[in-house]
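Welcome! Here is a short briefing to read with the model open beside you. Let us start with a pocket and then move on to the strands.

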Amino acid sequence: MNSPSALPPVQFDLDLATTFAAQRLAFAGNPLPPAAQRRQWLKSLREALLSSQAELIEAISQDFAGRSADETLLAELLPSVQGLRHAEKHLQRWMRSRRRRVGLAFQPASAQVRYQPLGVVGVIVPWNYPLFLAIGPLTCALAAGNRVMLKLSEATPATGLALQQLLERVFPTDLVSVVLGEVEVGQAFARLPFDHLLFTGATSVGRQVMQAAAHNLTPVTLELGGKSPAIVSDDVPLDSAAERIAFGKTLNAGQTCVAPDYVLVPRERLPAFSDAYQRAVHRLYPRIADNPDYTAIINPRQLQRLQHLLDDARAKGAQVLDLYPGEAPQGRRLPPHLLLDVNDSMQVMQDEIFGPLLPLVPYDGIDQALAYINQRPHPLALYFFGYDRRTQEHVLRHTHSGGVCLNDTLLHVAQDDLPFGGIGPSGMGHYHGHDGFLTFSKAKAVLAKQRFNAARLIYPPYGKALQRLVYKLFIR
């Protein structure tokens, strides 16, 4: 039997259209699923994830040729399960219609907002966190009462198959369906007339997805990336800041869209921070080559890309520090590197790194650091390390980013009650928790009037004294 990636274009287009049509028909038969049914969907999914932990961990590790089991538990299963619990707990309140005020000029009447499912939602999942970045949007879309089609990355075939089998055990395909296949399948997927499309991935691909969705006027949520900066203040303890930055940069070997992409350090503190960072990394990972706690780079193409970034930086004058110079590399485990004396001509300072390479950029005064950030595209995340509240507020007021962590990295993404999303080149729209429920719902405005109709007093013919009184009272 042919795999999805081997099917001719006409066949996979037909298969996608058939699945989409089945979900659209099922939605028409149940356009407003009650809270109890939605909670059952979420509970069933949570229980299936819990019972399939070992299989999912193994599948993800197989795709990476060495993925830390603990990282899969901490960064994929834990936030997925917690997000499902959060939605189950709060769903009834989220679904409740909200009363709104009616202006005096339009009384007597009542107003409310009701939340309805959009219909059939498409989700395009990247390879770096193939479980969490599938389950997170799926949770929000199901909580909002939608049908969902998930396109899994061609770079994680084992995870895609494992998740497809898991979801087929839990849901009928006219409720949740997993699509597997190569790039051309993803392109056909993006062209489907979804009621909403969420894409997580590279900015360049996000442009293509948005262009494909525009043909059907499909609204999109784009979770992209960019170069997320970390700022080290002039008085924060360096060991503490370095340890937290090291954790954020080395988790999943830096293959995280909100990983610190470069660090701005006060010029006089740069050598000390470099030493503190190297010590912190060695505490987290005493060795790299055969360490099961350290994740490999996803595939040879990504490893080659990262090696090119290092070679390009060296050729243009950067000081490149391999933090494990005595170890012979094994497989695709790329050791962490620090890059000093970087400049904007280097590709490592232009492209999102998405790996364990960390440039250090000196600055003189906090406003110079903020100007450096603001001269560049808005990042998905920004990290500031310093305990002075006034400086924290100054940074928050004078920067734009999708999200911020003060004195930490990454963990804002795992907060169920915070929206997650980018701004400008780092994305548009947001989801997680209540914000995800709203993204995948139509907020329908309802104005209700009963027998008495005061508005008829302003109907034509115009020029009556009462109309002039209305103008005098309300147009001022």
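Helix α8 gives the largest share of the lining of the largest pocket, six residues. This is a predicted model, in which local features need pLDDT of at least 70 and side-chain atom pairs count only at pLDDT 80 or more, while totals for chains, interfaces and linings use all residues. Residues are numbered from 1 along each chain as its sequence is written, and side-chain values use heavy atoms, with hydrogens and water left out.

**The largest pocket**
- Its volume is about 1,400 Å³, a volume being the space filled by probe spheres set on grid points that are joined across faces, edges and corners.
- A pocket here is an open set of points on a 1 Å grid over the protein atoms alone, where a 1.4 Å probe fits, with protein on both sides within 12 Å along at least five of seven lines; lining residues have an atom within 4 Å of a point.
- Among the 50 lining residues, G201, A202, T203, S204 and V205 are the closest to the centre of the largest pocket.
- At least two lining residues come from each of α7 (183–190), β6, α8 and α11 (300–315); helices are DSSP runs of H or I with at least four residues, strands are runs of E with at least two, and both are numbered from the N terminus.

**Around strand β7**
- β6 (residues 196–200) and β7 pair in the parallel sense over four bridges, where pairing requires at least two DSSP bridges between two strands.
- Between β6 and β7 the chain passes through α8 (residues 203–214), in a right-handed β-α-β crossover; right-handed means that, with the strands pointing away from the viewer, the path from the first strand over the helix to the second runs clockwise.
- On β7 (residues 220–223), V220 and L222 point one way and T221 and E223 the other, and all are buried (under 20% relative accessible area with a 1.4 Å probe, protein chains only).
- T221 is the bridge partner of L198, whereas E223 stands opposite G427 in β15.

Note on methods. Buried < 20%, exposed > 50% of the residue type's maximum accessible area, 1.4 Å probe, protein only.
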